[in-house]
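Please read them with the structure open beside you.

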Amino acid sequence: MATQHSRSAARFMMAPAVFLLLVWMLVPLSMTLWFSFRRFLPLRGGDQGFVWFENYTRFISSSAFWPSVQTTLIIVGGILLISVVFGILLALLLDQPMWGQGVVRILVIAPFFVMPTVSALVWKNMFMDPTNGLFAHLWRAFGADPVVWLSDAPLFSIILIVSWQWLPFATLILLTAIQSLDSEQLEAAEMDGAGHLSRFGYIILPHMSRAITIVILIQTIFLLSIFAEIFVTTGGAFGSRTLTYLIYQRVLESQNVGLGSAGGVYAIILANIVALFLMRIVGKNLDA
Amino acid sequence: MARAVSNPRKALNTAIAWGIGLLIFFPILWTILTSFKTEAEAIANPPVFLAFDWTLENYAVVQERSNYMRFLWNSVFIAGGSTILGVIIAVPAAWSMAFVPSKRTKDILLWMLSTKMLPAVGVLYPIYLLCIQLGVLDNRYALVVILMLINLPIIVWMLYTYFKEIPGEILEAARMDGAGLKEEILYVLTPMAVPGIASTLLLNFILAWNEAFWTLNLTAVDAAPLTAFIASYSSPEGLFFAKLSAASTMAIAPILILGWFSQKQLVRGLTFGAVK
């Protein structure tokens with residue numbers, strides 16, 4: 001249906017977006033690659049020439065590296081587990097007939113729209129503060145000693161805060177998926193004597209599997225780069241330093257750009273591995 | 001699924017769902033309530049829920065002390081500017097991909113998506129350095145451009161999935177009636193595309209408003225939006241829960257309201273059309 005004329009017009013219309021994204025990707029990326037091969041300390045001697053892979057080996061062999069990988073995995077894994085499991089339960093619940101469903105949906109989705117710095121600070125102070133926080137009041141009411149959340153259980157605290165932000169996202173997507181399920185299929189299964197559990201296990205869960213995969217992949221990409229929540233709560237202290245935060249500290253706080261850039265390249269490779277899986281699913285969807 | 005259930009069962013569902021909904025919403029509710037308390041009431045033990053002397057004092061103090069309006073304006077400027085600019089650039093691209101697809105359209109779309117996956121921290125220093133050398137560190141316009149580039153893939157994708165749903169037959173009919181490319185876009189497509197464009201604007205405004213990596217790292221004073229304004233409360237002096245709450249409420253209220261309107265678009269936009 002497209003003529004030669006409209007084809008060239010189409011290419012022309014696509015050009016600005018493609019060009020901008022190409023520049024946005026290639027320029028900083030090649031700079032990061034370039035810096036990663038150099039000894040570059042802006043405040044202590046500047047650019048001191050090529051060291052090739054020394055930054056890469058030093059980044060990995062530094063004592064902060066493996067703990068940060070471990071922290072990243074615990075935080076990302078914990079949040080994924082919470083948001084997927086509770087997301088499924090909440091989606092199933094919200095799909096049930098009830099009064100005021102719309103309002104409940106609004107209440108559940110709200111945390112997703114709260115800006116990260118606000119949610120981190122509100123949780124840190126008004127809930128987790130060891131003297132005046134609500135949790136401290138609650139603990140005292142039961143005669144227990146208040147917990148110093150952010151230093152005694154920093155990972156748990158961060159997981160709690162970020163899960164609160166991302167659970168609504170998972171719930172909303174999973175709910176959308178459940179609602180697209182053909183109810184006749186469920187009724188047929190019910191008439192054939194399938195109980196709640198087997199209907200869930202054999203019909204609802206398989207139907208949701210694609211949505212679950214998408215939730216996991218998208219969240220992983222966003223969660224690998226959580227920053228503000230750590231920035232305003234612990235500042236990377238008490239073993240809450242993720243890979244992203246470690247790179248940030250190398251680059252901007254200790255101004256070791258070469259080392260930080262090598263870390264950045266690792267982060268980019270890691271994110272791309274996850275992205276590859278996501279793209280395959282999304283790509284399949286484009287064909288359909 | 002409209003299945004008939006008994007009323008007791010429905011009442012039970014309602015009770016559980018409302019309970020959980022309120023529990024999840026509680027931190028926001030508590031923040032809003034605390035913003036109307038005095039500092040002493042804000043930390044009272046046992047906590048007071050509603051029976052306190054409602055006051056607007058905190059809002060006045062926050063505005064006076066830190067010039068909230070400037071941060072608000074920066075947020076509006078950066079989020080609004082980047083979104084509008086992004087849509088202007090993305091509409092032609094998405095239009096051509098949806099209506100004049102070629103063999104490479106799918107590859108281009110996926111490639112655009114892949115730029116979104118680039119972890120920001122991996123390119124933090126290059127961007128930081130470029131901003132310094134161009135003299136645009138702590139500059140609103142620089143942030144407009146950067147946030148536009150970050151959200152451009154999502155904007156293109158959302159628009160693409162909306163445009164895809166406009167039936168091609170309508171275009172053919174218009175062409176048969178003698179409409180050229182310009183008339184096609186102006187009189188046929190635009191009216192049909194407006195809802196999709198509006199949803200795209202809404203969701204991306206929200207995403208840009210809440211963006212907290214570049215806005216924290218590339219601003220200091222002049223261009224600092226609300227994300228940075230709130231972050232400045234992370235090192236408190238004295239009693240400040242009520243003021244923190246007032247500042248937080250002011251930062252999230254506009255977006256919370258917009259967000260509720262965009263629930264449906266959220267799913268589509270953030271899953272790149274993979275879940276609808």
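1. Of the 276 residues in chain B, 45% count as buried, a residue being buried if 20 or more other C-beta atoms, placed from the backbone, lie within 10 Å of its own, exposed if 12 or fewer do, and partly exposed in between. This is a predicted model, in which local features need pLDDT of at least 70 and side-chain atom pairs count only at pLDDT 80 or more, whereas totals for chains, interfaces and linings use all residues. Residues are numbered from 1 along each chain as its sequence is written, while chains are lettered from A and ligands numbered from 1 in the order in which they are written.

2. Chain B has 13 helices and zero strands, where helices (H or I, at least four residues) and strands (E, at least two) are DSSP runs numbered from the N terminus. The radius of gyration of chain B, taken over C-alpha atoms, is 23 Å, well over the 19 Å that the globule rule gives for 276 residues, so the chain is more spread out than a compact globule; that rule is 2.2 Å times the number of residues to the power 0.38. Along the principal axes, the C-alpha atoms of chain B fill a box of roughly 75 × 70 × 35 Å.

3. Among contacts in chain B between residues at least 6 apart in sequence, 80% join residues at least 24 apart, two residues being in contact if their C-beta atoms, placed from the backbone, lie within 7 Å. Helix H8 (residues 168-176) of chain B is hardly covered, since the count of buried residues among its nine residues is zero. Just after H8(B), B:Gly178 takes a positive phi of about 95 degrees.

4. The domain assignment of chain B gives domain 1 (7-59) and domain 2 (67-270), with bounds that come from an automatic or database domain assignment. The C-alpha centres of these two domains of chain B lie 32 Å apart. Their contact takes eleven residues from domain 1 of chain B and eight residues from domain 2 of chain B. On the domain 1 side, the largest share, three residues, comes from H1(B). By class, that side has four nonpolar, five polar and two charged residues, where Ala, Val, Leu, Ile, Met, Phe, Trp, Tyr, Cys and Pro count as nonpolar, Asp, Glu, Lys and Arg as charged, and the others, Gly among them, as polar.

5. How many residues does each chain bring to the contact between chain A and chain B? The contact takes 87 residues from chain A and 87 residues from chain B. On the chain A side, the largest share, 18 residues, comes from helix H1 (residues 4-36) of chain A. By class, this side of chain A has 67 nonpolar, 18 polar and two charged residues.

6. Within chain A, H3(A) and helix H10 (residues 196-224) pack at an angle of about 145 degrees, with their axes 10 Å apart; axes are lines fitted to C-alpha atoms, for helices over the stretch in contact, and angles run from 0 to 180 degrees between N-to-C directions. The residues of this contact include A:Val76 and A:Leu80 of H3(A) and A:Ile212 and A:Val215 of H10(A), and they divide into nine nonpolar, five polar and no charged.

7. A:Leu81 lies in helix H3 (residues 65-95) of chain A.
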